[in-house]
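The sequence and the structure come first.

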Amino acid sequence: MDREGAIEAIKRRLSLKEVVSRYVALKPAGRGRWKGLCPFHQEKTPSFYVDEEKGLFHCFGCKAGGDLIAFVEKIEGLDFQAALERLAEEAGVELPKRGGPEKRRELLEVLKLAQAYFREGLEASEEARAYLRARGLTPESLARFGLGYAPPKADGLLAHLARHGVSPEEGLKAGVLAERDGRFFDRFRHRITFPIKDHLGRIVAFTGRALGEEGPKYLNSPETPLFRKREVLFAYPEAKAKLREGRAIVVEGLFDAIALHQMGFAETVAVLGSGLSEEQARLLKAQEVREVYLAFDADEAGQKATLQSLDLEMARQFLFYAVRLPAKDPGELLLHPEGPALFQKALEEALPEVEFRFQEAVKGLDLSRPEHKRKALGTLTPRMLSLEPFDPVAERLKALVVERLGLSPKELNEYLQSRRRGKPPPPPPPKAEPKNRALLLELDVIALLLSLPQERLSHWVLYVADHVWPPEGSLLAEFLELAKKEPRKDYLRQVLSRKEAGGILFERLMMAPEVEEARLPEVMEKALARLREAYYLERRAKLKELLQQSPSLELLREIQELDQAIEAERRIYRGL
């Protein structure tokens, strides 16, 4: 199977709507169409559409658009090849080999081999198993979450990978080996290993917890083409089914997540940094989570992480609660005979976002002192300055400030108005469509070409090239040149999506009606006639300027010839 065939097979096997639904809550919007809030910019009214029949997505707000591969590129922050490989893995499609006859080891395969090595290491180490038993973890939990052990040897995994034909460079790229002064060695040594999985359940990285005194206590894989810690949640694949019930519990530690799953709280996931990220929040939204319980550690760093999570733009799509833990962290409760009951009680007593924000703002302050009231008010002001007219958190926070800081509603509103006037202006709206008529008509022609079946594309590209003469440097001229060399629709869409006018092109692709094959020559000829007319009008405008500056019979004759050509094009597209 060639590359083009593989891409078509991926698109046949994977539903664009299903892939997009992992990130966007979609609702029906007509036959074969769905709509939702755009994941690429903040909006309140859905302007993001998916057309399953055309295999395209488009946002009429920010102009993002493209096909299945382009969506994965943009939402996951990947390049085209990485997105293609990720989708091929999910679809079970083998991509044609690249870079010579030897099969390139996929990073996912390297990580699977590393996981097998770590699992064998755990089976062979009584020390590692005893440590995990002491933490209260059952064999079932160890198997479910795939915990392993990296032996102390510096070249154990290196040799294991070599036996399976994996080079040290490939192990380095996968993040399981390290290199210093030209020498390769195991990144994880004498550590409990936690496989980190992406939203599809594939291992993309590891975290290692030291068993000895050597630092750091926790060691993560470096970021790789497969792994960005902001984009994954530990235990997300295991929690998916429970998350769909509408509630998520978010913790900091990997042990904490496993402990809570073992105690019966299967909707638990763990962040890999401090606080929730926008990308991680989007994963929760994809499972239609409505309530998020933040159960970070009880120390100061944990409270800061909670506040950081609440300040995300994406956070406004959830109801947040801050869990006051009855222990240092949830993992400690696993060893307590009443652990599940204690955590359940903590969930029931969790503070709503408004109350948590207020308590954190006044912590250590004496509200009988005016200067302390001003400090608390200053801390809470940014969240009250909401641009949304009916933001429930902002409104409840205002009511709490009025009640507990002794301000009247009028005084608070006047204060917020004065602060709002000092704020920087909101970001500009998305760019409007260009007023260049020729460019818009070029986009119509390109959209028509890209809506054709792949096997007809080359023929019609040559037809268009023979029937219009786009100016050098124009978008159509560039498109035709590319299409002659590489007549693949996915490649052409990929290139055009990065152009300034790419968003408008995908808008036209989404809006274009399906053209019957019998009518295609007529539709194409009329589109080309309109475009030629636009080119002639541009040329005519320039000649008129020259004529005013320097009158000439030659210029006058050329203008008259253009007038005749313009009239001829109008007769074509008017059907006269």
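Rings of Phe, Tyr and Trp, the last represented by its six-membered ring, are taken as a pair if their centres lie within 6.5 Å. In this predicted model, a search of the whole structure finds 20 aromatic pairs.

One of these joins F48 and F71, whose planes stand at 55° with the ring centres 6.3 Å apart, so the pair is tilted. Since F48 belongs to strand β3 (residues 48-51) and F71 to helix α3 (residues 68-76), the pair ties together parts that are 23 residues apart in sequence. Both F48 and F71 are buried. The rings of F265 and F343, by contrast, meet at 70° with centres 4.9 Å apart, and the pair is therefore edge-to-face. It links distant parts of the chain, 78 residues apart, with F265 in the loop between α11 (254-262) and β13 (268-270) and F343 in helix α15 (residues 339-348). F265 counts as buried at 6% relative accessibility, and F343 does so at 0%.

F48 and F71 also belong to one aromatic cluster together with Y23, F40 and F57.

| Charged residue | Ring | Distance to ring centre |
|---|---|---|
| K74 | F40 | 5.0 Å |
| R247 | Y293 | 5.4 Å |

V24, in the loop between α2 (16-21) and β1 (27-28), is buried at 3% relative accessibility. Beyond its neighbours within four places in sequence, V24 is in contact with G36, L37, P39 and F48, and the C-alpha atoms of V24 and F48 are separated by 9.2 Å.

Key
Residues are numbered from 1 along each chain as its sequence is written. This is a predicted model: local features need pLDDT of at least 70, side-chain atom pairs count only at pLDDT 80 or more; totals for chains, interfaces and linings use all residues. Side-chain values use heavy atoms; hydrogens and water are left out. Helices (H or I, at least four residues) and strands (E, at least two) are DSSP runs, numbered from the N terminus. Buried means under 20% relative accessible area, exposed over 50%, partly exposed in between (1.4 Å probe, protein chains only). Contact means heavy atoms within 4.5 Å. Rings of Phe, Tyr and Trp (its six-membered ring) pair if their centres lie within 6.5 Å; planes under 30 degrees apart count as stacked, over 60 as edge-to-face and the rest as tilted. A charge sits over a ring if NZ of Lys or CZ of Arg is within 6 Å of the ring centre and within 35 degrees of the ring normal.
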